[in-house]
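Dear colleague,

I am passing on to you a structure that you have not worked with before, together with some notes on what turned up in it. Please have a look at it first and then read on.

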Amino acid sequence: MNAWQEGLTYSYDDIPYIDLSRPYWLREANKTLTLRGNQYTALGNLNINAYCLAHAIIFNKAMVVDFELGNLYNLVDNGKWTFNKMEELMKVVIDDINGDGVMDENDRYGYLAHPKEVLPSFWIAADTYSVGKDSEDLPYLAMGSEKFVTAFDKTFNILWDSGAYYKVAGGPDIPDNAVKMFANNQSLFMDMTFIVLQRIRGMETDFGIIPYPKLNEAQDDYVSRIEYYMPFNVPIICPDLDRAGIMLEVLNSYSATSIIPVFYENSLKAKGTRDVESESMIDLIFNSLVVDIGDTTLCDKIRDGFVAKMFETNDRNLASKLASTEEIIQNFIDKIPQ
């Protein structure tokens with residue numbers, strides 16, 4: 001991850017035959033992966049992992065019907081799928097099923113997710129970033145911005161304050177216990193990545209797929225998070241830059257016509273989804289993928305460094321973290337080649 005930041009790879013802009021404007025490159029995501037105007041790393045259709053590790057929400061279809069929650073796909077299509085709407089729907093289903101007065105793994109909730117996945121999934125969905133870019137294309141800490149703070153606080157409000165969230169930790173990024181509870185009709189929503197579709201395709205519980213909600217209806221578009229990615233970079237010791245450029249361009253182009261369609265249509269849509277509406281939702285999600293440096297490159301220092309613990313412990317004192325996080329960003333900037 002740090003090789004491109006430290007100038008140990010060629011900028012894609014300097015590699016012959018590469019054209020990042022082509023549709024087989026992830027243009028929106030790549031906009032966030034530049035430093036000082038240099039595209040040291042880039043994502044394209046060859047990077048299937050970027051699609052596999054994109055986040056979305058699955059919802060329990062039976063609960064939607066039983067609680068008369070309406071058509072969630074229409075909410076998305078009409079631009080009305082927002083933080084507030086999600087909160088409204090989650091509150092309807094919360095229940096102390098066994099009546100023991102204690103909300104635990106035996107009861108029903110609105111949303112299941114590993115604590116480390118929650119905040120970045122929502123702040124990115126709100127079209128804001130932990131790390132932004134200034135006019136010189138250098139990273140800066142954006143966690144103190146009004147929009148970020150609004151999304152940050154709102155996420156705690158709709159999940160912790162409403163009682164809709166159940167903390168499922170341990171295991172993989174999408175915990176096995178969360179999958180088990182969702183399959184047992186104990187949650188309306190669950191966080192997921194598309195690689196998880198392989199794990200749940202045999203689930204008897206019927207589900208649909210939708211993007212994470214917009215902050216509010218005034219937000220123009222839905223925005224979806226790539227949690228992790230494994231890019232193809234060209235090291236500065238590459239002996240044949242022309243050949244590297246040709247191969248990267250050809251392989252991404254070929255993937256767009258030969259690999260992605262098979263992965264997309266067969267693995268995801270035909271075998272992973274339960275309805276045609278979910279298929280269109282996948283199109284929407286994959287066309288809105290972005291990367292937040294604080295969630296990826298600086299994951300160990302920002303997302304997993306302190307953000308995950310904040311949400312896990314319901315700690316909302318973001319201001320106390322900003323000074324030390326500024327130092328993290330500055331150390332990152334100091335290593336970027338001039």
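Predicted model: local features only at pLDDT ≥ 70, side-chain atom pairs only at ≥ 80, totals over all residues.

To begin with the cysteines, the structure holds 0 disulfides. Cys52, for instance, takes part in no disulfide, and the cysteine sulfur nearest to it, which belongs to Cys299, is 18 Å away. Cys52 counts as buried because its relative accessible area is 14%, given that buried means under 20%. Cys238 is likewise classed as buried, since its relative accessibility is 18%.

Asp127 is not a glycine and yet has a positive phi, of about 65°. As to its place in the chain, Asp127 is found in the loop that runs between helix H7 (115-125) and strand E3 (131-133). With a relative accessibility of 35%, Asp127 counts as partly exposed, because that class covers what falls between the 20% limit for buried and the 50% limit for exposed.

Asp137 also has a positive phi of about 65°, although it is not a glycine either. Is Asp137 buried or exposed? Its relative accessible area is 14%, and Asp137 is therefore buried.

With kind regards

Technical notes. Residues numbered from 1 in each chain as written. Heavy atoms only, no water. Disulfide = S-S within 2.5 Å. Buried < 20%, exposed > 50% of the residue type's maximum accessible area, 1.4 Å probe, protein only. Helix = DSSP H or I, 4+ residues; strand = E, 2+ residues; numbered from the N terminus.
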